[in-house]
Amino acid sequence: MFVLVAPGQGAQTPGFLTPWLELPGAADRLAGWSDAIGLDLAHYGTKADADEIRDTAVAQPLLVAAGLLSAAALGDITPGAVAGHSVGEITAAAFAGVLDDTAALTLVRKRGLAMAEAAAVTETGMSALLGGDPEVSVAHLEKLGLTPANVNGAGQIVAAGTLEQLAALAEDKPEGVRKIVPLKVAGAFHTHHMAPAVDTLAKAAEELTPADPKVTYVSNKDGRTVATGTEVLDRLVGQVANPVRWDLCMETFKELGIGALIEVCPGGTLTGLAKRALPGVQTLALKTPDDLDAARELIAQHA
């Protein structure tokens with residue numbers, strides 16, 4: 001079997017949607033979504049600069065739209081499981097049939113706006129720690145008042161907190177950590193700083209009617225599979241202010257016996273983690289439409 005995964009915020013780069021809009025019907029689909037959520041996705045995906053697409057309210061719907069477009073370009077496929085990292089969980093919910101595309105984009109637009117508003121209260125950010133022992137790193141982060149917001153596995157933890165706390169981390173790395181990399185995000189996501197966004201998202205979720213997943217859905221909360229649409233939606237809401245456990249998601253992929261992992265556009269981050277944490281599993285990132293044929297061949301081998 002193969003798993004289809006969607007990346008989170010920070011994966012976006014200027015112009016990354018340009019080649020995808022050359023595919024038949026893609027521009028029209030994106031225009032329809034743009035009208036539905038009141039955001040010019042084509043502009044932000046093709047012409048906007050790095051600072052514009054760093055804006056949380058823009059980046060999140062842009063990433064979900066990119067994931068949906070690139071997955072649709074693969075044709076009629078049925079993955080053995082789906083998952084997404086952070087905002088990518090909304091993309092995965094659409095893959096699983098829990099939400100239709102428009103509902104997913106409507107929800108992520110409200111999520112992005114609410115999280116941007118919460119992030120504006122205090123100057124916060126996130127930095128990735130590469131290498132080191134997870135237990136040592138987590139204890140060090142907590143000493144500095146930081147939150148291990150993403151426990152990604154493969155020797156990577158993402159710290160989140162105020163800019164002052166992150167500056168202190170840069171000067172005082174945990175033992176064994178090779179490198180600290182600031183991320184292209186505009187807030188301390190998946191921490192208590194995002195608590196105000198949870199209430200807003202909960203109200204938005206009440207307006208939706210989720211269906212039960214048609215394929216196995218793996219949750220960031222604890223790496224467990226979720227069987228009902230209602231629980232998927234509840235977890236999407238709560239996850240905004242709680243750590244992402246991608247390490248546990250990958251453990252579940254192992255237990256499910258996956259043979260391949262395909263990451264939708266803008267792919268690269270999650271396949272990189274999988275290469276280190278899931279030896280023997282074939283990986284492929286959809287970066288441009290040139291990757292589609294190889295992805296279809298991989299799917300044919302593992303469907």
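Guide: Aspartate 222 lies in the loop between β7 (216-218) and β8 (225-226), whereas arginine 235 belongs to helix α10 (residues 229-239), so the pair ties together parts that are 13 residues apart in sequence. Helices (H or I, at least four residues) and strands (E, at least two) are DSSP runs, numbered from the N terminus. The model is predicted, so local features need pLDDT of at least 70 and side-chain atom pairs count only at pLDDT 80 or more, while totals for chains, interfaces and linings use all residues. Residues are numbered from 1 along each chain as its sequence is written, and side-chain values use heavy atoms, with hydrogens and water left out.

Visitor: Which residues are linked with Asp222 and Arg235 in a network of salt bridges?

Guide: Side chains of opposite charge can pair when their charged atoms come close. Here the network links Asp222, Arg224, Glu231 and Arg235, and within it arginine 224 forms a salt bridge with aspartate 222, the closest N and O atoms being 3.9 Å apart. As for exposure, buried means under 20% relative accessible area, exposed over 50%, and partly exposed in between (1.4 Å probe, protein chains only). Arginine 224 counts as exposed at 57%, aspartate 222 is partly exposed at 22%, and arginine 235 counts as buried at 12%.

Visitor: How many salt bridges does this rule give, and where do aspartate 293 and arginine 296 lie?

Guide: The count comes to 7 salt bridges. Aspartate 293 and arginine 296 both lie in helix α13 (residues 292-302), 3 residues apart, which is about one turn of the helix, and they form a salt bridge with the closest N and O atoms 2.9 Å apart. Aspartate 293 is exposed, with a relative accessible area of 52%, whereas arginine 296 is partly exposed, at 34%.

Visitor: Turning to the sheets, what is the order of the strands in the open sheet of 6 strands?

Guide: Strands of a sheet pair through backbone hydrogen bonds, either parallel or antiparallel. In practice, two strands pair if DSSP finds at least two bridges between them. The open sheet of 6 strands has the order β8-β7-β2-β1-β9-β10, with mixed pairing. At its edges stand β8 and β10 (282-285), each with a single partner strand, so one side of each is left without a neighbour in the sheet. Helix α13 packs on this sheet, touching β1, β9 and β10, and its direction makes about 150° with that of β10; contact means heavy atoms within 4.5 Å, and axes are lines fitted to C-alpha atoms, for helices over the stretch in contact, with angles running from 0 to 180 degrees between N-to-C directions.

Visitor: Is strand β1 mostly covered or mostly exposed, and how many of its residues are buried?

Guide: In a regular strand the side chains alternate between the two faces of the sheet. Strand β1 (residues 2-6) is mostly covered, with 5 of its 5 residues buried; Phe2, Leu4 and Ala6 point one way, and Val3 and Val5 the other way. β1 runs parallel to β9 (residues 260-263), joined by 4 bridges, and also parallel to β2 (residues 81-84), again through 4 bridges. Valine 5 has glutamate 263 as its bridge partner in β9, and stands opposite alanine 83 in β2.

Visitor: What order do the strands take in the open sheet of 4 strands?

Guide: The order is β4-β5-β3-β6, with antiparallel pairing. The edge strands, β4 (147-153) and β6 (177-182), each pair on one side only, and the twist averages 25° from one strand to the next. Strand β3 (residues 124-131) pairs with strand β5 (residues 156-162) in the antiparallel sense over 7 bridges, and the bridge partner of alanine 128 in β5 is valine 158. Helix α7 (residues 134-143) lies across β3, β4, β5 and β6, running at about 5° to β5.

Terms used
A salt bridge is a side-chain nitrogen of Lys or Arg within 4 Å of a carboxyl oxygen of Asp or Glu.
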